[in-house]
Amino acid sequence: MKYLSFVFLFVFSAQFTYAQEKKSLTHEDYDLWKMISSYQISEDGEFLITEAKTTTQRGNGFLQLNNLKTNQATSFPRGAKGKLTYDQKYLVYLVQPHYDSLRKQKKEEVKKEKQDQPQLRIFSVESGELVLEIDRVKKYHLPEENSSFVIIEKYKDFPEENKEEVEEEAEEKTKKKRNKKNKKSEDIEVKPLHEKQDYAIVYTFEKAKLDTLNQFGSVALPKTAPHFYFSKKDKKAKKDLGIYKYNVDSFSYTLIDASFENYKQIATSEDGEHMAFLAAHQHKEKDSLKYGFFYFDQERIHMLIDTIAENWKAGWQVSKYQKPEFSETNKRLYFHAQPQPEYKIDTTMLKEEIPDVDVWTYKDEMIQPEQKAKEKQLQQKAFLSYFDLSTFEEVNLQADNLDNISLDRTKEKTYAIANSNEAYRLSRSWEYPWKQDFYLVNTLTGENELLVENRTNYLISNDEMTHAVFFDYEAQNWFSVDFETQLISPLTESLPVAFYNEENDVPALALAYGFGGYLSATEVLLYDEFDVWKFDLTQENSPEKLTAGRENQVVYRNFRLDPEKNQMASSYENQLLVSAFHKKEKTNGLFSLGENGDLNSLIPMGEHRITGLKKAEEAESIVYRKQDFQNYPDVFHLREEDDFQVTKLNTQKQDFYWGEVELISWEAYDGQELQGLLYTPEDFDEAKKYPMITYFYERRSDSYHQYISPQPSASIVNISYLVSNGYVVFVPDIVYQEGDPGKSAENCILSGVDHVLENYDFINEEKMAIQGQSWGGYQVAHLITKTNRFAAAGSGAPVSNMTSAYGGIRWDSGLSRQFQYEKTQSRIGATLWEDLPAYLRNSPLFGVPEVATPVLIMHNDKDGAVPYYQGIEFFMGLRRLEKPAWLLVYNNEAHNLKKVKNKQDLSIRMMHFFDHFLKDEPMPVWMESGLPRTQKAKDLGYDLLKE
């Protein structure tokens, strides 16, 4: 039971003056770094809860509770998933198992159910004491606006064991087995329910009382009521026992229904006075369960739809996948339905006789791989309806040609918006931006009318559901639509500035700069490249530019911080809250905007990056994260005086060599003005010559003030590791010309390298390398077919042959890759048949004979973005011509590595590779001799060869 209280003013003012020798980062140091995984500010702005984890997940995190008024902080080692009760008197959280202990248990192959599990703790904010500890907790449930109780779901209990008891138990089991035939049933020991299956505990805060609910199934928790609804489940019999209402004040529950063996999707209104559920009778085939839909009003259960839908639409069934929902004032009860599937199954065939085949046709709206990728989504596709609870009449809102329907927050307004991409599913394989049709749905009648056709991919409505705005891709302007009149009106076309992305360098229609939110039902904020504009949807007032960014090259953007009203622009002390970012200098600040256009500085423009703003719902209290390359993005609290630093992670950075970053500019070969970042080691010596690695991906200069945590690589070099180990890193911006992405990379990257060499004498021109992943990996592969100036190259998941990749599949999404080449990142701008020469000249595979640069390729066998065979094609060409090349294939891994063990391995091998060619370090065994299949997972080949 360890938790730490301290006052941050004291901690932050305390300085240790001892000196110590700094050291370079190693691969073993990654586990030292932590990251803030979540943080939340209380409604009144008084408290902040922060959760931190190790970046590698190999180690223990912590939870921190900050009182933002008193600056007092309490830290809870291994704490996670913390929440305050509504009255903020108690903090409920989980304590995760100790990493080393859990690792030891896994190593010893302890059964998963007997491994350490999280512990729940309840902390009194007022007294600073723990008031409850419960072991083996699965999860917990706190009411949103009721502070009287918590529901704690627990894993089943195991009796305490010691060596003697284990031996006795083994002997007893042998004896029971021997006498099993003669043993009478009444003599068999029956385990208590809490040792047979998981269960729940109800705990009340003020009475500090516990109540056990055995055979606990699922729960529906009202926002405010002192009761809840839950189901009971018999795990052994694989059936539900009923639905119950639990009264917290009396610690008792009553049966609502036990007529069925299966209960699903229990839902309740915010006040707890209304409840709905799905129920079905048992069936040997789980997929054949037929669910009915029921409503409970505290007096009786109303069967809205029976289990075989005899009182409903023929050929339809209630969907078991979506939970019913009540509208804000409980006038409507929403549910989803879907057509009953029909199969022509030949029951005379054995399972092994049924063919496994995917049938593709040219008429398919969605190709088979996309259907496979979306199989669950397609299976669960259902259509929205509601019952009017005053008349019990059903209103179907979503016709079966509509993909989705969006209701207002209260779910009671007259209008809703539905969308459909039915007409464009086939062309999505090659067209971009994707478009949809939007329909206006009358929620009183269920009737719909086509509102906006083939013009946009999104429609953003106001909270009152009276107006919406959208960006028209063809017209390249914003429009509004009035739901009552269905009149579509232009908003931006008469203005002298563009509201589409003027830096768009892909052969597709440009996207909008963005939507700022609604100020009211008829006032909306939209962005040009630099400024925030206000528009009156009634057209009574002219558009108004609220900021003056263009003349100063400052990009202004406002915020939408209310999660419940996420289309509304946020204010601070009754003024619009805006960020400012200098496009050239990369400085950043935070301001509030007065009615007269005056900017009031909240965080002055500075050499930092401001992100992650969160605002208290009921108070003028804001927290945010601030970072630069030297400082981790800790959480700060906005104050009138100096802002207060709430968290202080990764202070161990002071023990290691780090680096500096410089923003540089140059002119590309074609005259284009470009920017980039140059990172240099902290212990820099101008007299030395440093190896340099150039990393790139599109435009990266805006990340000038980004902190880069040392961590195992998912695919790219870690810049903090490199500068700590004596490398210089160059990161150039890249702009593209349609039809020539390869030549564009040469134009921008090589001109940038030339600029660095001409202006910085400390670069060793003979020891330079390039590295990139995905689109960056492609450009690495292309560059080494055009220049021999690099001593080494790292290419991750490269497209090497655009002619074969063009017809490939993005397996994660199941989409064809054609649209990518014709309209988006690959930037060819034509079909393979319209411009074959462009596909050939931009394919590194056909330049393999010109390669003289050693190259390390990574391409994983479950890559869902770039086809795995692309890396193989490139490697096999290099191998055939005896070019020095290595290919790393991580099994069952994606485009970027997910598993920490593989990230660690890639980091080690990538630095083996670069250290050998750029620092003349000895070659490791895996590079010299490879790793034979018989040695896989037995010998990693990390050993460096002796000279």
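**Entry 1**

I began with Trp 886 and, leaving aside its neighbours within four places in sequence, I found it in contact (heavy atoms within 4.5 Å) with Pro 854, Val 855, Leu 856, Ile 857, Phe 875, Phe 913, Phe 917, Met 923, Trp 926 and Met 927. I noted that this is a predicted model, in which local features need pLDDT of at least 70, side-chain atom pairs count only at pLDDT 80 or more, and totals for chains, interfaces and linings use all residues. I also noted that residues are numbered from 1 along each chain as its sequence is written, and that side-chain values use heavy atoms, with hydrogens and water left out.

I then looked up the largest nonpolar core, which has 56 residues. A nonpolar core is a set of buried Ala, Val, Leu, Ile, Met, Phe, Trp, Tyr and Cys residues joined through side-chain atoms within 4.5 Å. Buried means under 20% relative accessible area, exposed over 50%, and partly exposed in between, with a 1.4 Å probe and protein chains only. Trp 886 is among the residues with the most contacts inside this core, together with Leu 48, Tyr 679, Phe 913 and Phe 914. Helix 13 provides the largest share of the core, 7 residues. Helices (H or I, at least four residues) and strands (E, at least two) are DSSP runs, numbered from the N terminus. I recorded a second, separate core of 51 residues, which includes Phe 730, Phe 790, Leu 878 and Ala 885. In soluble globular proteins, nonpolar side chains tend to be buried together.

**Entry 2. Cavities**

On a 1 Å grid over the protein atoms alone, a cavity is a set of points where a 1.4 Å probe fits but cannot get out, a pocket is an open set with protein on both sides within 12 Å along at least five of seven lines, and lining residues have an atom within 4 Å of a point. Grid points are joined across faces, edges and corners, and a volume is the space filled by probe spheres set on the points.

The search of the whole structure gave 2 cavities of 30 Å³ or more. The largest cavity has a volume of about 70 Å³, and its lining includes Ser 715, Gln 771, Gly 796, Ile 857 and Met 910. Strand 52 (763-773), strand 53 (792-796), strand 56 (855-858) and helix 13 (900-919) each supply at least two residues of that lining. I sorted the lining by class and found 5 nonpolar, 6 polar and no charged residues. In this sorting Ala, Val, Leu, Ile, Met, Phe, Trp, Tyr, Cys and Pro count as nonpolar, Asp, Glu, Lys and Arg as charged, and the others, Gly among them, as polar.

The second largest cavity holds about 60 Å³ of space. Among its lining residues are Tyr 30, Gln 711, Tyr 721, Ser 907 and Met 910. Helix 6 (719-724) and helix 13 are the elements that give two or more residues to this lining, and helix 13 gives the most, with 3 residues. The lining of the second largest cavity has 6 nonpolar, 4 polar and no charged residues.

**Entry 3. The largest pocket**

I found about 1400 Å³ of space in the largest pocket. Of its 47 lining residues, Gln 377, Leu 378, Gln 379, Gln 380 and Lys 381 lie nearest its centre. Elements that each supply at least two lining residues include helix 4 (368-373) and helix 5 (375-379). The lining of the largest pocket divides into 17 nonpolar, 17 polar and 13 charged residues.

**Entry 4. Strand 41 and its partners**

I turned to strand 41 (residues 575-582) and found 6 of its 8 residues buried. Two strands pair if DSSP finds at least two bridges between them. Strand 39 (residues 554-558) runs antiparallel to strand 41 and is joined to it by 5 bridges; Arg 557 has Ser 579 as its bridge partner. Strand 40 (residues 571-572) is also antiparallel to strand 41, with 2 bridges. Strand 42 (residues 588-593) is joined to strand 41 by 6 bridges, again antiparallel, and Val 578 is partnered with Phe 591.

I checked both hairpins for positive phi. Glu 573 has a phi near 50° in the hairpin of strands 40 and 41, which has 2 residues between the strands. Lys 586 has a phi near 70° in the hairpin of strands 41 and 42, which has 5 residues between the strands.

**Entry 5. Two buried loop residues**

I located Lys 156 in the loop between strand 11 (149-154) and helix 3 (163-178). Lys 156 counts as buried because its relative accessible area is 19%. Asn 421 lies in the loop between strand 28 (415-420) and strand 29 (436-442), and it is buried at 16% relative accessibility.
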